[in-house]
Amino acid sequence: LSLTPTEQTLVAPAGSLVTHTLRLRNTGELLPTDTFTLSLSSHRWPTTLLSPTVPLSPCAVAYISVTTGIPPDMAWNEKDTVIITAQSTLSPTLWQTVTLTTKTPAPILLVDDDRWYDQQPVYRAALDSQSLPYDVWDVGGKISPQRPSVPTDTLRWYSQVIWFTGYDWYQTLTPADEAALRAYLDDGGRLFLSGQDYLYTTGLTDFARDYLGVGDYTEDLTVTQVIGVPGHPVLSLIHI
């Protein structure tokens with residue numbers, strides 16, 4: 001028996017209805033079709049399990065939806081958790097649990113948009129040291145299968161966005177990213193952008209000029225290593 005959520009935590013404004021998705025798999029190979037009973041516990045907000053019983057043949061998979069209503073009077077960074085238990089009918093001692101969290105937005109959204117090296121712990125440590133509540137949106141590197149970039153509507157949930165791209169000389173902010181941030185700033189949002197190679201990859205875009213206040217820029221690249229080619233006469237002049 002395997003029970004896994006597609007996402008452990010979902011964020012939405014007060015008054016919203018969110019839907020969690022669980023992947024339930026019968027990992028047995030030889031047993032006949034089993035029926036799994038699912039139940040909820042330890043939650044305060046109204047939560048509904050749409051499929052309380054699920055028949056599954058060996059190796060089969062089912063996707064289960066769990067909806068949670070966020071009360072309309074919730075403030076910033078309020079959350080509720082629910083424990084989902086799946087139990088086998090054929091073998092009642094066989095069961096799995098998973099905990100799902102639903103919350104309202106924190107005041108700050110931390111957008112992890114780095115590519116080659118993970119910089120998230122540095123930013124989280126800085127925010128944690130000041131006891132500043134935040135949510136994290138991890139874009140995921142943009143090369144392998146990933147979470148998409150932040151939708152404009154999601155950015156609008158937050159009073160401040162901290163967006164970092166880390167060491168990314170390939171593609172820092174996409175045109176879609178710039179459009180979303182432009183709309184966010186037009187609505188009065190506040191942005192801190194840390195993008196080491198942002199202008200190197202995009203050039204001086206309208207967003208950089210009109211929204212970030214960049215009039216001009218220069219690129220300063222420093223060579224830190226010299227490698228000689230064996231047999232080349234210049235190699236004898238290089239002290240390694």
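**I84 and its surroundings**

Modeller: Start with I84, whose bridge partner in β9 is V98. Bear in mind that this is a predicted model, so local features need pLDDT of at least 70 and side-chain atom pairs count only at pLDDT 80 or more, while totals for chains, interfaces and linings use all residues. Residues are numbered from 1 along each chain as its sequence is written, and side-chain values use heavy atoms, with hydrogens and water left out.

(Strands are DSSP E runs of at least two residues, helices are H or I runs of at least four, and both are numbered from the N terminus; two strands pair if DSSP finds at least two bridges between them.) Strands of a sheet pair through backbone hydrogen bonds, either parallel or antiparallel.

Zooming out, there is an open sheet of 5 strands in the order β2-β9-β8-β4-β6, with mixed pairing. At its edges are β2 (9-11) and β6, each pairing on one side only. On average, neighbouring strands of this sheet are turned by 25 degrees against each other, direction ignored. (Axes are lines fitted to C-alpha atoms, for helices over the stretch in contact, and angles run from 0 to 180 degrees between N-to-C directions.)

Now the side of the story about packing. Leaving out residues up to four places away in sequence, I84 touches L3, L22, L38, S39, L40, V66, Q96, T97, V98 and L100, where contact means heavy atoms within 4.5 Å. I84 is also among the residues with the most contacts inside the largest nonpolar core, which has 18 residues; L22, L24, L38, V54, L56 and I64 are the others listed. At least two residues of this core come from each of β3 (17-25), β4 (34-41), β6 (53-56), β7 (61-69), β8 (79-88) and β9 (95-103). A second, separate core of 17 residues includes V161, W163, Y198 and A208. (A nonpolar core is a set of buried Ala, Val, Leu, Ile, Met, Phe, Trp, Tyr and Cys residues joined through side-chain atoms within 4.5 Å; buried means under 20% relative accessible area, exposed over 50%, and partly exposed in between, with a 1.4 Å probe and protein chains only.)

D80 sits in β8 and R44 in the loop between β4 and β5 (47-49), so the pair ties together parts 36 residues apart in sequence. D80 counts as buried at 6% relative accessibility, whereas R44 counts as exposed at 60%. A search of the whole structure finds 7 salt bridges, each being a side-chain nitrogen of Lys or Arg within 4 Å of a carboxyl oxygen of Asp or Glu.

From β12 the chain crosses through α3 to β13, a right-handed β-α-β crossover: with the strands pointing away from the viewer, the path from the first strand over the helix to the second runs clockwise.

One more salt bridge belongs in this picture: R156 and D187, with the closest N and O atoms 2.3 Å apart. R156 is in the loop between α2 (152-155) and β12 and D187 in the loop between α3 (175-186) and β13, so the pair ties together parts 31 residues apart in sequence. R156 is partly exposed, at 42% relative accessible area. D153 joins R156 and D187 in a network of salt bridges.
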